[in-house]
Amino acid sequence: MLRKSKRLDKIPPYLFVKIEEKKAELIKKGVDIIDFGIGDPDLPTPAAIFKKMHEVLEKVESANYPTSKGELSFRKAVADWYEKRFNVALDPATEVCALIGSKEGLAHLFLAFVDAGDVVLVPDPAYPVYKIGTLLAGGEPYILPLTKENNFIPDLDKIPADVAQKAKLMFINYPSNPTGAVADRSFFEKCVAFCKKYNILLVSDLAYSEMAYDGFKPTSVLEIPGAKDIAIEFHSLSKTYNMTGWRIGMAVGNSEAVQALATIKSNVDSGAFKAIQSAAAEALSGPQDSVRENNKIFEERRNVLIDGLNSLGWKLERPKATFYMWVPIPKGETSASFAEKLLEKCGILVVPGNGYGTYGEGYVRFTITLPKERIITAIERMKKAGLAY
Ligand SMILES: Cc1ncc(COP(=O)(O)O)c(C=O)c1O
């Protein structure tokens, strides 16, 4: 037996590893799985991005080490995009850092800010990295419950002052994975005021800002005056341009925070592949038609799923953003038992909500990364199996 770190014991198996195992087992048995699982777009990366990648791929310098905070051309493209999209000015030299996907940056941020015993304000349910990253750094997550009653938005007034005084970081993620909830500008204003009062670094995860419907335009925390004093924002090209496997994202905002993250990165990785940074710069600066086209497709799928579930007794509203549908489970079920029933009776794979935290119990998450026809089939299978709300 090798002697592993105690740190490792704090990590539950990564949610999707277990689900993928179960899926593989059923496929082996010949089951036709309708997969609403992981949030990985099924649509292609836009052609212009591939074209740029092909152009730069064989250049000698593409094969060299990148700088760990990213090529200046990429950081400039990020700053220009923020200006255009959010009317936020960023200094590419000090306020932007390229990431090997935003997960990498989020996970490394803890090394720059959290010491043993430090408190981190973590929403629940949420993207697992916020809590696990805290634990890996020896910090203590203080859970901010997200429930239907609070519209899946944390009530900052409920955070005791002594906890807030000890907190180093606070995470927010709107539009949200897994709840699909959105927040308006006034919530971002409250967060900025709260974090200023207690000298907390506000960490906004904006991975889904471009995946929005019905005319809704998500806010960047950096739009709030004074936010740059205490906020860092993480962004990703993964979902906006169907580039999950390319591994490219960015951290922007408070220069001290961005530089602290870059210092950690310069000691653990050597940055994202330069050719990918060029292709990503092209994505951000080129026409955004593909984003609008994707959203049209997701919007239609959303309508089909929500209307379909509502025809089976649910009373769901159509989420204004993300490709996640956060669905309450029928009475008498748990998240796990209902997910298992869907899988075994209907071949439908969803993610049990408790995988995203204690307050995720009572829900399952459907991701609409599959064609409309498959969603229709899923609803038909549920109807046939008598699975209703
Ligand atoms: C809320 C949220 N943040 C960050 C990420 C990480 O994205 P990436 O590392 O691909 O940029 C994801 C991926 O699903 C996510 O849902």
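Predicted model: local features only at pLDDT ≥ 70, side-chain atom pairs only at ≥ 80, totals over all residues.

Modeller: A residue is called buried when its relative accessible area is under 20%, exposed when that area is over 50%, and partly exposed in between.

What does Ser 68 touch, once its neighbours within four places in sequence are left aside? Its partners are Cys 97, Ala 98, Ala 262, Lys 265, Ser 266, Asp 269, Ser 270 and Gly 271.

Helix 5 covers residues 102–113 and helix 9 covers residues 255–268. Their axes come within 9 Å and cross at roughly 100°. An angle from 65 to 115 degrees counts as roughly perpendicular, so helix 5 and helix 9 are roughly perpendicular to each other. By class, the residues of the contact are nine nonpolar, two polar and two charged.

A pair of aromatic rings is described by the distance of the centres and the angle of the planes. There are 20 aromatic pairs in the structure. One of them joins Tyr 208 and Tyr 324 edge-to-face, with 5.3 Å from centre to centre and 75° between the planes. Tyr 208 sits in the loop between strand 6 (201–205) and strand 7 (231–236), while Tyr 324 sits in strand 9 (residues 324–328), so the pair ties together parts that are 116 residues apart in sequence. Tyr 208 is buried at a relative accessible area of 5%, and Tyr 324 is buried at 1%. Tyr 324 forms a further edge-to-face pair with Phe 323, for which the centres are 4.9 Å apart and the planes 75°. Phe 323 is buried, with 0% relative accessibility. Elsewhere, ring pairs join Phe 110, Tyr 127, Tyr 130 and Phe 171 into a cluster.

The cysteines come next. A search of the whole structure finds zero disulfides. For Cys 195, the closest cysteine sulfur is that of Cys 191 at 6.3 Å, which is too far for a bond, because a disulfide requires the two sulfur atoms to lie within 2.5 Å. Cys 195 is buried at 0% relative accessibility, and Cys 346 is buried at 4%.

The backbone has some features of its own. Most residues other than glycine have a negative phi, and most peptide bonds are trans. Against that background, the bond between Asp 124 and Pro 125 is cis, with omega at about 5°. Pro 125 lies in the loop between strand 3 (119–124) and helix 6 (129–136). A cis bond also leads from Tyr 174 to Pro 175, where omega is near -5°. Pro 175 is located in the loop between strand 5 (167–172) and helix 8 (185–198).

A positive phi is found at Asn 151, near 55°, although Asn 151 is a residue other than glycine. Asn 151 belongs to the loop between strand 4 (140–145) and helix 7 (161–166), and is exposed at 53% relative accessibility. Asp 214 has a positive phi of about 55° without being a glycine. The loop between strand 6 and strand 7 holds Asp 214, which is partly exposed at 46%.

Lastly, Lys 131 lies in helix 6 and is partly exposed at 36% relative accessibility. Lys 131 touches Val 122, Pro 141 and Ile 143, residues up to four places away in sequence not being counted. From C-alpha to C-alpha, Lys 131 and Ser 204 are 14 Å apart in space, with a separation of 73 residues in sequence.

Technical notes. Residues numbered from 1 in each chain as written. Heavy atoms only, no water. Axes fitted to C-alpha atoms, helices over the stretch in contact; angles between N-to-C directions. Helix = DSSP H or I, 4+ residues; strand = E, 2+ residues; numbered from the N terminus. Parallel < 35°, antiparallel > 145°, perpendicular 65-115°, else oblique. Nonpolar A, V, L, I, M, F, W, Y, C, P; charged D, E, K, R; others polar. Phe/Tyr/Trp six-rings, centres within 6.5 Å; stacked < 30°, edge-to-face > 60°. Buried < 20%, exposed > 50% of the residue type's maximum accessible area, 1.4 Å probe, protein only. Contact = heavy atoms within 4.5 Å.
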